[in-house]
Amino acid sequence: MRIERRLRQPRWLLFAVPVGSVLAALVLAGIVLLATGHNPGSAYRKLFDAAFLSSGSIGQTLISATPLAFTGLAAAAAFRMRLFNIGGEGQLYLGSIAGAAAGLYIGGLGWSQPLVIAAMVIAGAAGGAAWASIPGVLRAFFKTNEIITSLMLNYVAGYLLTYLVFNAHSYWRQNSGFDASVFPTSKTVPPNAFWPGWQWAMQGGILVPLGAFLAIATAVVLWLLYTRTRFGFEAQVLGDSPRAALYAGMRTRRKILAVMAISGAIAGIGGASQVGDFAHQLDADPNGLQKQFYGYTGIVVAALGRYNPFAVVLCAFLIGGLQNAGNTLQGADFPSGLVGVMQGIILFCVLGGEVLVRNRIRFGRAAAPEAPIPLETAA
Amino acid sequence: MSNNAILIVVIASGIAYGTPLLYASLGELLAERSGVLNLGVEGMMLVGAVMGFWTVNRLHTNDGLVLAAAIGVAAVAGAAMALIHAFLVITLRASQIVSGLALTIFAGAAGLSSYLGNDLNLADNPANHQFKPIFPSSMQNWKIVGPILFGQDALVYASWVLVIAVWFYLSRTRPGLNVRAVGESPATADSMGIDVTRYRYLHTLAGGALAGIGGATFTLAITPQWVSGITGGAGWIAIALVIFAFWRPELCLVGAYFFGALQALAPELQARQINLGPTSLWTNSLPYLATVFVLVLVSQSGARRRLGAPAALGVPYVREDR
């Protein structure tokens, strides 16, 4: 088997690879199911039912898809520049801590709902950006590997989140009332800090959360930033060839700091949406938000969407369906952990598929050289 | 100083907690010395942990045989995970970073290890067999050296042998020198007649096997039970350890015990009811924050080459580009 570089990358492959990856993942995960004595057919029927087909399933899928769209966009924003921010998980937590604080405080002041929502979004973005800036600064000024530092901070953020409600009488914890004395709980934000949703008359009424619209808006902004501004162009050059960027006089440090902060801010808005759209309080339970692994799954979403913001949002919906099915279905036909297995296989297939986009694989020994590109089509 | 003093206890249990880090980091070191960065250590450790635990609860003969089989199964499971990574990055030349992340997601806390743990009904059972201290208790009670040197189990002593073996292999044997050549300059190694692909495959697999054993150390020795995500980021700390250790096995041992001691500190302070501010927060976070801190210290100098990073680390080898 030989692998040769393609001189031309066919456009159809760019679409075929993600689609093929998902299909291949279904086949491979089916083999895992068969090997462990399950029936893939009924598992998949249940999966699609729970994810997209049964009554109310799309509404449930949106609950998983919304945070995944944010963490996916966060990963895409950084990975595009070859900055491997895998701290989306922790940045999401910090966003929800800051977003909840804003909701509790500013909501408590009695401001109008739109202003409170705006404050929560800004606070969430600031919280996520601040947390992401730690690996950002370390990478920019000390050349410290951002993969490990951003990942380590996920654990710290998780402990911080749990600590705030379970081990301290913090601002976020419900400190009065009978229930609070029995079991630690978080304060619920006032009603003017609840994010509105849009009712969609399908499947018996689907509530599309405000966060989903914010995620789409974020995708548009990110796309404009990367394709229509000087900043985006320089970030791309820096990712593809740091040396070329250096010789062209681009400011590497600033770009690293800015991209990490942007990436963290996007994940942080996802955290604020957790408070405003869904939980209406800080979800600090170690078996709650922290068991969803939205930050890590965001990496799968970003890679499947080939780091294109619009494709990332679409993939978030798809993977969100998978995640939702994993949450609702637990049992003999659908063992827990299957979702992670499938997500991992999807990522493997996307990676293998990337190789097909860039190279052609020939079987047999002697390979004819690829025909030169005719000038007209190359131009 | 009594054997109950906090310093002695933290050092002794630091060695125990550091042992999985040591196995995993020695494995990662072998893979990286051949030029393959594998960020999937956490996933490989978890699959090793769950399969090792499954073995001890499946087999019913004497302790020694069962535990040896469990370590073997854990090693094979870890190597099988590494094979996926090896195929993607060595044969298909995919991005080593993304492939490693994919391996962690595939095999990790929410993936295959948890799937296997649930499917084989392993949670909520204690281990039927576990590693215990091998020296008689009279020796374990010796002052200071007793708990530290003689209170450990066989996995700890085996890891000391392994450190020496890896050191000897990499610096004193022909294949070991070949590995280093492959990691520093695969094109040169290739023209010397060294099979780059084969060396990289074998060392990535060896890395996976050691990560699997490291994971099994958790479920067979430290906390003999299966809990999803039991390694708690140890795989990532092991990757960082290889950097702190400047890619040298003997320094992996020092680093592993340092981080082991940091992990041992939190339960020890809690058990003694010593409260220093928000104790549960900072002691739990300490190993992770220390990883960040030490990583900053070693990356300060900027000259990673001088520190011993293999020059071709993370770069796929394409013979046609030579």
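Axes, as the word is used in these legends, are lines fitted to C-alpha atoms, for helices over the stretch in contact, and the angles between them run from 0 to 180 degrees between N-to-C directions. Residues are numbered from 1 along each chain as its sequence is written, while chains are lettered from A and ligands numbered from 1 in the order in which they are written. This is a predicted model, in which local features need pLDDT of at least 70 and side-chain atom pairs count only at pLDDT 80 or more, whereas totals for chains, interfaces and linings use all residues.

**View 1. Helix 5 and helix 6 of chain A cross in a right-handed manner.** Helices here are DSSP runs (H or I, at least four residues), numbered from the N terminus. The axes of helix 5 and helix 6 of chain A come within 9 Å and cross at roughly 150°, which makes helix 5 of chain A roughly antiparallel to helix 6 of chain A; angles over 145 degrees count as roughly antiparallel, those under 35 as roughly parallel, those from 65 to 115 as roughly perpendicular and the rest as oblique. A crossing is called right-handed if the near helix is turned clockwise from the far one by less than a right angle, and left-handed if anticlockwise. Trp131(A), Ile134(A), Pro135(A), Leu138(A) and Arg139(A) of helix 5 of chain A make the contact with Glu146(A), Thr149(A), Ser150(A), Leu153(A) and Ala157(A) of helix 6 of chain A, two residues being in contact if their C-beta atoms, placed from the backbone, lie within 7 Å. The residues of this contact divide into six nonpolar, two polar and two charged, where Ala, Val, Leu, Ile, Met, Phe, Trp, Tyr, Cys and Pro count as nonpolar, Asp, Glu, Lys and Arg as charged, and the others, Gly among them, as polar.

**View 2. Helix 6 of chain A is mostly covered.** Of the 21 residues of helix 6 of chain A, 19 are buried, a residue being buried if 20 or more other C-beta atoms lie within 10 Å of its own, exposed if 12 or fewer, and partly exposed in between, with C-beta atoms placed from the backbone. At 1.5 Å a residue this helix should span 30 Å, and its end C-alpha atoms are 30 Å apart, which agrees; the expected span is 1.5 Å times one less than the number of residues. In the loop between helix 5 and helix 6 of chain A is Lys143(A), which has a positive phi of about 55° although it is not a glycine. Lys143(A) is partly exposed, with 15 other C-beta atoms within 10 Å.

**View 3. Chain A meets chain B.** In this interface, 41 residues of chain A are in contact with 41 residues of chain B. On the side of chain A that touches chain B, the elements giving two or more residues are helix 5 (113-142), helix 6 (146-166), helix 12 (294-304) and helix 14 (338-358) of chain A, and helix 14 of chain A gives the most, with twelve residues. The residues of that side divide into 28 nonpolar, eleven polar and two charged.

**View 4. Tyr307(A) has a positive phi near 65° in a residue other than glycine.** Tyr307(A) has its place in the loop between helix 12 and helix 13 (309-328) of chain A. Tyr307(A) is buried, with 20 other C-beta atoms within 10 Å.

**View 5. Helix 2 and helix 4 of chain B cross in a left-handed manner.** The axes of helix 2 (residues 41-58) and helix 4 (residues 96-107) of chain B come within 7 Å and cross at roughly 30°, and the two helices are therefore roughly parallel to each other. Glu42(B), Gly43(B), Met44(B), Leu46(B) and Val47(B) in helix 2 of chain B meet Leu103(B), Thr104(B), Phe106(B) and Ala107(B) in helix 4 of chain B. The residues of this contact divide into six nonpolar, two polar and one charged. Helix 2 of chain B is mostly covered, with 16 of its 18 residues buried.

**View 6. Gly14(B) lies in helix 1 (residues 6-33) of chain B.** With 22 C-beta neighbours inside 10 Å, Gly14(B) counts as buried. The C-alpha atoms of Gly14(B) and Ala261(B) are separated by 3.7 Å, although these residues are 247 residues apart along the chain. Not counting residues up to four places away in sequence, Gly14(B) touches Tyr257(B), Gly260(B), Ala261(B) and Ala264(B).
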